[in-house]
Amino acid sequence: MWLNSSSRIWLAAAPVDMRLGFDGLAAKVQGVLAADPFCGHAFVFRNRRGDRLKLLLWDGLGFWLVYRRLDQGRLHWPRADAGALELSAAQWAMLVEGRPWTPLPTLEKCTPKLL
């Protein structure tokens, strides 16, 4: 996509009205997330049902607004109560592919007795 290795991806915890466009989402970035919408980071917003998302990104020339809507089911969202949660590139890929956010089981340390 338009993200590079220095780009950070921020997920807004609270759902937003999906009718918001460039200016409305940029205002949410400033007001709710206390961040600069022109910093080059990606800001992801979700709707209340969890089946749609919008990504807002400033590339130095203008804003990109990416919209994703699922026809069936819902996206699997990480738990966040307020503010924003930073996503890794892998977490972003899982989110847009509709994969669940299940943590890996913890493994106990073991010492082998035989080789």
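Two rings of Phe, Tyr or Trp (its six-membered ring) count as a pair if their centres lie within 6.5 Å. Planes under 30 degrees apart make the pair stacked, planes over 60 make it edge-to-face, and the rest are tilted. By that rule, this structure holds 4 aromatic pairs. The model is a predicted one.

**Aromatic cluster**

Take F38 and W58 to begin with. Their ring planes stand at 85° and their centres are 5.0 Å apart, so the pair is edge-to-face. F38 sits in the loop between α1 (22-31) and β2 (42-46). W58 belongs to strand β3 (residues 52-58). The pair therefore ties together parts that are 20 residues apart in sequence.

F38 also pairs with F63, and this pair is tilted. F63 lies in strand β4 (residues 63-69), while F38 is in the loop between α1 and β2, so the pair joins parts 25 residues apart in sequence. The table sets out the two pairs.

| Pair | Centre to centre | Angle between planes | Geometry |
|---|---|---|---|
| F38 and W58 | 5.0 Å | 85° | edge-to-face |
| F38 and F63 | 5.4 Å | 40° | tilted |

Ring pairs link F22, F38, W58 and F63 into a cluster. The reason is the cut-off: buried means under 20%, and exposed means over 50%.

**Fold and overall shape**

The chain has 2 helices and 5 strands. Read from the N terminus, the elements run β-α-β-β-β-β-α. The radius of gyration is 17 Å, whereas a compact globule of 115 residues would have a value near 13 Å. Along the principal axes, the C-alpha atoms fill a box of roughly 65 × 35 × 25 Å.

Of the 115 residues in the chain, 32% are buried. The chain exposes about 8100 Å². Carbon and sulfur atoms supply 53% of that area. Residues 24 or more positions apart account for 54% of them.

**Helix α2**

Which residues of helix α2 (residues 89-97) are buried? They are W92, L95 and V96. These residues cover an arc of only 90° around the axis, which puts them on the same side of α2. What covers the buried residues of α2 includes β1 (9-12), β2, β3, β4 and β5 (84-87). Just after α2 comes G98, with a positive phi of about 80°.

**D51 and its contacts**

D51 is found in the loop between β2 and β3. Its relative accessibility is 10%, so D51 counts as buried. What does the side chain of D51 join to through a polar contact? The partner is the side chain of N47, at 2.7 Å.

Leaving aside neighbours within four places in sequence, D51 is in contact with R68, R69, L70, G73, R74 and L75. Two of these names, R68 and R69, fall within β4, given its span of residues 63-69.

Key. Residues numbered from 1 in each chain as written. Predicted model: local features only at pLDDT ≥ 70, side-chain atom pairs only at ≥ 80, totals over all residues. Heavy atoms only, no water. Helix = DSSP H or I, 4+ residues; strand = E, 2+ residues; numbered from the N terminus. Buried < 20%, exposed > 50% of the residue type's maximum accessible area, 1.4 Å probe, protein only. Polar contact = N/O pair within 3.5 Å; in protein donor to acceptor, adjacent residues only side chain to side chain. Contact = heavy atoms within 4.5 Å. Rg over C-alpha atoms; globule rule 2.2 N^0.38 Å. Areas by Shrake-Rupley, 256 points an atom, 1.4 Å probe, with all protein chains shown as cover. Arc of directions from axis to C-beta.
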